[in-house]
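Take a look at the protein below.

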Amino acid sequence: DLSTVAFAAILLGVAGATWDIVIDAYRIESAPERLQAAMAASYMTGYRLAMIMAGAGALALAAWLGSNNGYDYRGW
């Protein structure tokens, strides 16, 4: 159903934006000004590591489900 997918996409976008605002507010309010650069760097490092793990995790899961012996659509 197209309307359900559209609603889910909008909901996901709003949730993601809200999460980003909350994390930035927490980072700014939880540390003094001299530690703001370290807080921003640790946030970006965590974000990038999570994206790398998500991409590698998808490939590992596909290989584990049988996609490593030629093309098998069930692995994906």
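Gln36 sits in helix H2. Helices here are DSSP runs (H or I, at least four residues; strands are E, at least two), numbered from the N terminus. This is a predicted model: local features need pLDDT of at least 70, side-chain atom pairs count only at pLDDT 80 or more, and totals for chains, interfaces and linings use all residues. Residues are numbered from 1 along each chain as its sequence is written, and side-chain values use heavy atoms, with hydrogens and water left out.

Is Gln36 buried or exposed? Gln36 counts as buried because its relative accessibility is 16%. The cut-offs are simple: buried means under 20% relative accessible area, exposed over 50%, and partly exposed in between (1.4 Å probe, protein chains only).

What does the side chain of Gln36 reach? It reaches the backbone oxygen of Ile28, at 3.3 Å. Setting aside neighbours within four places in sequence, Gln36 is in contact with Arg27, Ile28 and Ala31. Contact means heavy atoms within 4.5 Å.

Now move to Arg27. This residue is in helix H1, residues 2-30. Arg27 counts as buried because its relative accessibility is 17%.

Asp24 forms a salt bridge with Arg27, and the closest N and O atoms are 3.6 Å apart. A salt bridge is a side-chain nitrogen of Lys or Arg within 4 Å of a carboxyl oxygen of Asp or Glu. Both residues lie in helix H1, 3 residues apart, about one turn of the helix. Asp24 is partly exposed, because its relative accessible area is 25%. How many salt bridges does a search of the whole structure find? The search finds 1.

Tyr43 is another residue of helix H2. At 29% relative accessibility, Tyr43 counts as partly exposed. Leaving out neighbours within four places in sequence, Tyr43 is in contact with Asp20 and Ile23. Tyr43 and Ile23 are 20 residues apart along the chain, and their C-alpha atoms are separated by 8.8 Å.

Met44 lies in helix H2 too, which covers residues 36-67. Met44 is partly exposed, because its relative accessible area is 37%. Which residues make a nonpolar surface patch of about 310 Å²? Met44, Tyr47 and Met51 make it. Patch residues have over 30% relative accessible area and no salt bridge; like charges are joined within 9 Å, nonpolar side chains (Val, Leu, Ile, Met, Phe, Trp, Tyr) within 5 Å.

Here are the accessibility values side by side.

| Residue | Relative accessible area | Class |
|---|---|---|
| Gln36 | 16% | buried |
| Arg27 | 17% | buried |
| Asp24 | 25% | partly exposed |
| Tyr43 | 29% | partly exposed |
| Met44 | 37% | partly exposed |

Finally, the whole protein. It has 2 helices and 0 strands. Buried residues make up 9% of its 76 residues. The accessible surface comes to about 6400 Å², and 72% of that belongs to carbon and sulfur atoms. Accessible areas come from the Shrake-Rupley method with a 1.4 Å probe; for residues, only the protein chains shown count as cover.

Note on methods: Polar contact = N/O pair within 3.5 Å; in protein donor to acceptor, adjacent residues only side chain to side chain.
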